[in-house]
Amino acid sequence: MQLAVYYVMTEPGVSLDHLKDEDARNIKFVKDGFSWWAMLFPLLWSLYNRMWLVFLGYLAAIIALVFVADAFGSTTGGFITVLATLFFAMEAGFLKSWSLRRKNWQTVGFITASNLDEAEIRFFDRVSRRKGEARPPQGPLAPQTSDTDVVGMTLKR
């Protein structure tokens, strides 16, 4: 079984300590690693994921590679274009999380899982366990008082 790492990202203003149902539905799990869709259709993939700067950057890189291909020959230029597309596909998860961070999304964790369903289960299990834990007292402890005066180990009346 091959495990993948998922970025767990939330919208701005969402706190895991006060997580509501509607906030939980908007949490995104972004798989870090190779994306076949990003390799086969890089421009459509970036538009589908609303990654406008990535789209423009990839488009500019491809245009630059076309000029490189003219300078070094079509074989070398084609090879460089294939390498650039492979690199883009390998960094697809990072580019997606980067685009979300630019929109002020927060990375609240990383989960290692074999698929998306398992990543969601592990993450929400971790969050629910953390909510169930007793919190340590905040601030200094108040002195304990009783009705009787105690001096040392004897009672004083």
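Two strands count as paired if DSSP finds at least two bridges between them. Helices (H or I, at least four residues) and strands (E, at least two) are DSSP runs numbered from the N terminus. The model is predicted: local features need pLDDT of at least 70, side-chain atom pairs count only at pLDDT 80 or more, and totals for chains, interfaces and linings use all residues. Residue numbers start from 1 along each chain as its sequence is written, and side-chain values use heavy atoms, without hydrogens and water.

**View 1. The open sheet has 3 strands in the order β2-β1-β3, with antiparallel pairing.** β2 (28-32) and β3 (106-113) are the edge strands, each with a single partner, so one side of each has no neighbour in the sheet.

**View 2. Strand β1 (residues 4-10) is joined to antiparallel β3 by 7 bridges.** Ala 4 faces Ala 113 of β3. Helix α6 (residues 92-102) packs on the sheet and touches β1, β2 and β3 (contact: heavy atoms within 4.5 Å). The direction of α6 makes about 145° with that of β2.

**View 3. β1 and β2 pair in the antiparallel sense over 5 bridges.** Tyr 6 has Lys 31 in β2 as its bridge partner. Because 6 of the 7 residues of β1 are buried, β1 is largely enclosed by the rest of the structure; buried means under 20% relative accessible area (1.4 Å probe, protein chains only).

Definitions and conventions: Axes fitted to C-alpha atoms, helices over the stretch in contact; angles between N-to-C directions. Buried < 20%, exposed > 50% of the residue type's maximum accessible area, 1.4 Å probe, protein only.
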